[in-house]
Each structure stands twice: as C-alpha cells, then as structure tokens.
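Subject: Model for your review

Dear colleague,

Please find the model below, followed by notes on what was found in it. I would be grateful if you read the notes with the coordinates open.

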Amino acid sequence: MQITVLGSGSGGNCTCIVTENTCVLVDLGFGWRSLNRRLQEVGLGDQHIDAVLLTHGHSDHTKGIASFRSHSAAPIFANPGTQGEVSAMETIDGKENFCSNSPFAIGDLGIEAFPVSHDAAEPVGFRFSAEGIDGALATDLGELSPPVAAKLRGCDWLILESNHDEQMLKIGPYPWDVKQRVLSRLGHLSNQDLSGFLTGDFDGQASHILLAHLSRQNNDPDIALEHASEALSRQFPGSAEDHRLHLTYQNKPSVVLDF
Ligand SMILES: [Zn+2]
Ligand SMILES: [Zn+2]
C-alpha cells in the first residue's frame, strides 16, 4: 500500500491511496491540472484512478469535482449529507453512496467511514485496509472523541489533523467569531488536541503519522512537529519517535509512505 497526501490545508485537500490493483483519492480540493502535477511529482502520473471518496462538503475538499469529472469517469463516493451539501454533486454522473460504520470495498481496498465532529452536513474520516495493512485519515474534526480514537487503533499509518496552535490562534488575526468556530468541537483539531491523543488513546502501533490540514495563519510546521514529537517521546520514552512524524503541505505532496 502506498499513501501520499497530495496537498493539505484550507487551500485544498487530496490524498492518494494505491494498492496492488486499486487507486483511490480522498477529497478533490484541486483542479485537474494541479491534481495531475501532484500525481506526477510522486510518480503516479499515469495512474488509473478507480474512485474518489469525499470526507465532507467544504469547498477545500470538493472544489475540484467539476474539473475532475470533465476528465475522468471514476465514481465519486459521498454520503447523503455531503451529496446534498455540494452543488457540483447535483448534476454529475457516477455518484455512489456510502454509510458510516458500514464497511465496503473498492477493488482490494477495504474502506470504512466513521463520523467526526465538524461543522459540515455529514463529515467523516476513513479507515482503510488492504494487503494486511491498516490506516486511517481524520482531518477536519473539532475533537478526537473516544469513538474516533477507537477507529484509529491497530493502524499502521495515520493521517491526523494538527490544524492550529491554540496560542497562535488566540493572538492571531482571525475575528473573534472565527476563532470560536475553529476552537469549538465542530471546528479543527489543534496541536494540543493531537498531543492529547498521542499521550492518551493512541496505541503506539502506527509507524508513520502525517500531520495534516495545518493552518498557514495559526500554526507553524516546526511548532506542530515539536508538539507531536514531544508528546510521543513522553508517551513512549526511549524509542526514537521522530522518524514516525511527517509534515504535509499545501503546495506539494508529502512523503510517499510505502508498506
Ligand atoms: Zn478542510
Ligand atoms: Zn471542513
């Protein structure tokens, strides 16, 4: 299984998961040209895309739908809430439905959606399994609740939100009501929230953790990494934890995880 976050942040999101015989994109936050540039950068320029999965309807996850559809007939999977939330989904062909907590498969890739707390119609994270490898993606969530933490157990890789630093957000440029929204349980996960998971419910199994959806205004990649690294070394003293952590970027793909 190969996993790459092609781009992450409020400017656009897309993740690519490739198995022996299946390639799936999670979210379509980039137009066709940008998507293909990113796929080419990680050596997947000629990759056939079997399906797209949408986490939720916010534009940074869906604004590439129309552009994608004019070049690819791959089915786009979204739950009913998200389908109703995205106007581009009303008119396109090739829509597929899924329900949370009901596992399904695309080719040899097992998929399960799980609800997350975020201010969208029906937001979800995803858990994936293929070839004996498990992984999960949870970004755009205001809190990492016990049911979500349960879905992250036993994973070999994780893509987790580390959106903002609470101190930077509080003194930063956002208006008060936007700050309240980001901080709320329907907003985004902070560096501090993620550290709480890494020193709490995290089972320590994942050998690679990608920090995703970093805010450009209210976070700093070094600070996000430092928080997560400090949390891991506190929870798992003596092991060299830094190798587990990777950043994701708005403008370029992350490292390619290869299992
Ligand atoms: Zn987002
Ligand atoms: Zn969102």
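A residue is called buried here if 20 or more other C-beta atoms lie within 10 Å of its own, exposed if 12 or fewer, and partly exposed in between, with the C-beta atoms placed from the backbone. The model is predicted, and for that reason local features need pLDDT of at least 70 and side-chain atom pairs count only at pLDDT 80 or more, while totals for chains, interfaces and linings use all residues. Residues are numbered from 1 along each chain as its sequence is written, and chains are lettered from A and ligands numbered from 1 in the order in which they are written.

Most residues other than glycine have a negative phi. D27, although not a glycine, has a positive phi of about 70 degrees; D27 sits in the loop between β3 (23–26) and α1 (32–41), and it is buried, with 27 other C-beta atoms within 10 Å. Helices (H or I, at least four residues) and strands (E, at least two) are DSSP runs, numbered from the N terminus. H213 is not a glycine either and has a positive phi of about 55 degrees; H213 belongs to the loop between β12 and α10 and is buried, with 25 other C-beta atoms within 10 Å.

The sheet that holds β3

An open sheet of seven strands runs in the order β6-β5-β4-β3-β2-β1-β14, with mixed pairing, where two strands pair if DSSP finds at least two bridges between them. At its edges stand β6 (95–96) and β14 (257–258), each with a single partner strand, so that one side of each is left without a neighbour in the sheet. Within this sheet, β2 (residues 14–18) and β3 pair in the antiparallel sense over four bridges, and V18 stands opposite C23 in β3.

Helix α1 lies across β1 (2–7) and β2, running at about 140 degrees to β1; for such angles, axes are lines fitted to C-alpha atoms, for helices over the stretch in contact, and the angles run from 0 to 180 degrees between N-to-C directions. E41 is found in α1 and is partly exposed, with 14 other C-beta atoms within 10 Å. Leaving aside its neighbours within four places in sequence, E41 is in contact (C-beta atoms, placed from the backbone, within 7 Å) with K252 and P253. The C-alpha atoms of E41 and A113, which are 72 residues apart along the chain, are separated by 28 Å.

The sheet that holds β12

Another open sheet of seven strands has the order β7-β8-β9-β10-β11-β12-β13, again with mixed pairing. Its edges are formed by β7 (104–106) and β13 (245–247), each with a single partner strand, so one side of each is left without a neighbour in the sheet. On average, and with direction ignored, neighbouring strands of this sheet are turned by 25 degrees against each other.

Strand β12 (residues 208–212) pairs with β11 (residues 157–161) in the parallel sense over five bridges; L158 has I209 of β12 as its bridge partner, and E161 stands opposite A212. Three bridges join β12 to β13, and these strands run parallel, with L245 of β13 as the bridge partner of I209. Four of the five residues of β12 are buried, and the strand is thus mostly covered.

Helix α9 (residues 191–198) packs against α10 at an angle of about 20 degrees, with the axes 9 Å apart. The two are therefore roughly parallel to each other (angles under 35 degrees count as roughly parallel, over 145 as roughly antiparallel, 65 to 115 as roughly perpendicular and the rest as oblique). The contact is made by N191, Q192, L194, S195 and L198 of α9 and by I223, A224, H227, A228, A231, L232 and Q235 of α10.

Six of the eight residues of α9 are buried, so this helix is largely enclosed by the rest of the structure. The buried residues are N191, D193, L194, S195, F197 and L198, and they pack against α6 (146–151), β11 and α10.

With kind regards

How values were computed
Contact = placed C-beta atoms within 7 Å.
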